[in-house]
Amino acid sequence: TQDESEKLHELCKLLTDKVYQTRMEGVALLQDYCNTSPSFVSTNILRIFDVFVPRLQDCHKKIIQKALEILALMVPVLKDALQSVLFPVIVAVINNLNSKHLGIYDA
């Protein structure tokens with residue numbers, strides 16, 4: 001629908017913005033969509049995760065930490081829908097296991 005298309009466009013725009021605070025807003029919006037419209041996220045999982053996975057390796061540590069925390073919350077909600085994006089997600093998460101930043105490592 002037009003509404004879903006606009007929601008997807010806005011989410012992708014926020015997650016890829018140059019300003020880290022805006023990317024952080026995008027991560028928070030994705031969390032909100034997972035809670036309020038998991039079917040929207042599931043239906044658009046490839047497009048969403050194309051722009052979300054890079055946030056797991058963002059140049060800003062706070063974004064990485066928030067994205068990892070939200071990913072942990074998304075797994076039980078999205079379950080089977082995650083199969084198509086599992087490989088890039090696992091690679092990004094594994095890269096964070098070596099982080100010296102305690103918040104990232106814990107997340």
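I count a charge as sitting over a ring if NZ of Lys or CZ of Arg is within 6 Å of the ring centre and within 35 degrees of the ring normal. The model I examined is predicted, so local features need pLDDT of at least 70 and side-chain atom pairs pLDDT 80 or more, while totals for chains, interfaces and linings use all residues. Residues are numbered from 1 along each chain as its sequence is written, and side-chain values use heavy atoms, without hydrogens and water.

**Entry 1: Lys7**
I found Lys7 over the face of Tyr33, 4.9 Å from the ring centre. Lys7 also lies over the face of Phe40, at 4.5 Å.

**Entry 2: aromatic pairs**
I looked up ring pairs (Phe, Tyr or the six-membered ring of Trp, centres within 6.5 Å; planes under 30 degrees apart are stacked, over 60 edge-to-face, the rest tilted). The structure holds 2. Tyr33 and Phe40 are edge-to-face, with centres 5.1 Å apart and planes at 75°. Both residues of this pair, Tyr33 and Phe40, are buried (under 20% relative accessible area; exposed is over 50%, partly exposed in between; 1.4 Å probe, protein chains only).

**Entry 3: salt bridges**
I searched for salt bridges (a side-chain nitrogen of Lys or Arg within 4 Å of a carboxyl oxygen of Asp or Glu). The whole structure gives 2. Arg23 meets Asp58 at 2.8 Å, N to O. Arg55 meets Asp58 at 2.7 Å, N to O. Arg23 counts as buried at 6% relative accessibility, Asp58 is buried at 6%, and Arg55 is buried at 12%.
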